[in-house]
Amino acid sequence: MPVKVAVNGYGTIGKRIASAILKNSDFHLVGVAKYTPDYKTIIAAKQGIRIFVPRDEAEAFKSLGIEPEGYVDYLFEEAELIYDASPGGQGAKNKELYIKYRKPAVFQGGEDPSVAEISYSTLCNYSSTLGKRYIRVVSCNTTGLLRILCSLGVANIRRVFATIIRRASDPGEDMKGPVNSIRVDSTRIPSHHGLDVKTVIGNVDVETVAVAVPTTLMHMHVIEVMLKNTPCASIEELRKQGRGRIVTVSSTLADSTGKLLEIARDIGRPRNDVYENIVFTNMFSCREDRLVLIQAVHQEAIVIPENIDVAYGIMNIETDVYKVVDKVNSLLGIGQLHVM
Ligand SMILES: NC(=O)c1ccc[n+]([C@@H]2O[C@H](COP(=O)([O-])OP(=O)(O)OC[C@H]3O[C@@H](n4cnc5c(N)ncnc54)[C@H](OP(=O)(O)O)[C@@H]3O)[C@@H](O)[C@H]2O)c1
């Protein structure tokens, strides 16, 4: 029987998790919790997604022509697994409800790590998910960094320094910025991203700095890794260890995030989503013990494969990480973004 899944919060991440669940016969989407009656609700309802709302908001949804399926607490009762995709910090408050309804839950990277038993990224610590009830999938930038580091092998890493060039906001968030500035995105070194990496791989020497730039189209990372063993990895080896989640594109063919999202459009990806880390082939240098690379990370999409992978662990469906990765890759069409 498919596992019954609820998605609590239907924004950038929640709607993508819901779409991925709908493609997967191992899971059944019971419905989504929506808190504000808006255009996203209308579109979801038209797609046949069952909408659950807070009791005191039901009339507002009805006045928009949307008949809610029920109240949010009904959704939690019906589900066997809850994805929390609420705004950062809200998940910790919602956890009280998940405990009350005795349901396991997957949280997102905007939550403090203490919300969950473990912070998670598939290529690093899938086996730790088995038997857990509360797991936090780390954020987009952290996922992008961890896929690289765990593909290189954590035991082989001496030191990491990464510069994160962060998108200002998601496309629909037209109230956010910066609009015409480059903003230092942290009050200290390291930025929180490096600390977040350590919540998954432990006390590895990782330092990050971040700036935010006026774009909605992906992040870029410039990463330097000092390795313990030489010769250092080839780009082919990195791609192989990345199990489809890391692909390479030459910047002589596509040198910008705009062009990468155009490729996603051209290959028919839903919402132009790029689930893979895109490492620029010609921006990869490995000499002796020093590896440098530039990669692009699609903030809206990169955590979606990890969110689906984790369900196989938390629900004790599959112990073999590679079977899970192959299955989720195949469901999301990961691997169709051709190597150039
Ligand atoms: N966007 C990214 O680039 C990105 C990438 C990786 C991870 N994350 C993480 O994913 C999480 C969600 O981020 P997001 O970008 O998807 O946020 P978002 O687009 O702002 O969506 C948040 C959703 O939460 C809903 N919500 C409001 N109150 C809620 C409550 N009490 N309980 C549950 N849901 C509630 C909102 O519903 P209404 O619209 O109905 O009010 C909204 O749909 C955060 O932890 C974030 O850090 C985000």
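Reader: What is the order of the strands in the open sheet of seven strands?
Author: The order is β10-β11-β9-β12-β15-β14-β13, and the pairing is mixed. A strand is a DSSP run of E with at least two residues and a helix is a run of H or I with at least four, both numbered from the N terminus. The model is predicted: local features need pLDDT of at least 70, side-chain atom pairs count only at pLDDT 80 or more, and totals for chains, interfaces and linings use all residues. Residues are numbered from 1 along each chain as its sequence is written.

Reader: Why is one side of β10 and of β13 left without a neighbour in this sheet?
Author: β10 (183–184) and β13 (246–249) are at the edges, and each has a single partner strand, so one side of each has no neighbour in the sheet.

Reader: How do you know that β10 and β11 pair?
Author: Two strands pair if DSSP finds at least two bridges between them. β10 and β11 have two bridges, in the antiparallel sense, and therefore they count as a pair. Val184 has Val211 in β11 as its bridge partner.

Reader: What does α8 touch in the sheet?
Author: α8 packs on it, touching β9 and β11, and its direction makes about 135° with that of β11. Such angles run from 0 to 180 degrees between N-to-C directions, and axes are lines fitted to C-alpha atoms, for helices over the stretch in contact.

Reader: Why are α7 and α8 called oblique to each other?
Author: Helix α7 (residues 140–152) and helix α8 (residues 192–201) pack at about 55°, with axes 9 Å apart. Angles under 35 degrees count as roughly parallel, over 145 as roughly antiparallel, 65 to 115 as roughly perpendicular and the rest as oblique. α7 and α8 are therefore oblique.

Reader: Which residues of α7 and α8 meet?
Author: Asn141, Thr142, Leu145, Leu146, Leu149 and Cys150 in α7 meet His193, Asp196, Val197, Val200 and Ile201 in α8. Two residues are in contact if their C-beta atoms, placed from the backbone, lie within 7 Å. By class, this contact has seven nonpolar, three polar and one charged residues. Nonpolar covers Ala, Val, Leu, Ile, Met, Phe, Trp, Tyr, Cys and Pro, charged covers Asp, Glu, Lys and Arg, and the others, Gly among them, are polar.

Reader: What makes α11 oblique to α12?
Author: The axes of helix α11 (residues 304–314) and helix α12 (residues 321–332) come within 10 Å and cross at roughly 135°. That angle makes α11 oblique to α12. Pro305, Ile308, Asp309 and Tyr312 of α11 make the contact with Val324, Val325, Val328 and Leu332 of α12. These residues divide into seven nonpolar, no polar and one charged.

Reader: Why do α1 and α11 count as oblique to each other?
Author: α1 and α11 pack at about 55°, with their axes 10 Å apart. They are therefore oblique to each other. Arg16, Ile17 and Ala20 in α1 meet Ile304, Asn307 and Ile308 in α11. That contact divides into four nonpolar, one polar and one charged.

Reader: In what order do the eight strands of the other open sheet stand?
Author: The order is β4-β3-β2-β1-β5-β6-β8-β7, with parallel pairing. β4 (70–71) and β7 (118–120) are the edge strands with a single partner each, so one side of each lacks a neighbour in the sheet. Strand β5 (residues 81–84) pairs with strand β6 (residues 105–107) over two bridges, and Ile82 stands opposite Ala105 in β6. α1 lies across β1 (3–8), β2 (27–33) and β5, running at about 155° to β2.

Reader: Which residues come nearest to the ligand?
Author: Gly9, Gly11, Ser86, Gln108 and Gly110 do, out of the 27 residues around the ligand. A residue is near a molecule or strand if its C-beta atom, placed from the backbone, lies within 6 Å of it. α1 (12–22) and α5 (90–100) each supply at least two residues of this shell, and α1 gives the most, with three. By class, the shell has eight nonpolar, 15 polar and four charged residues.
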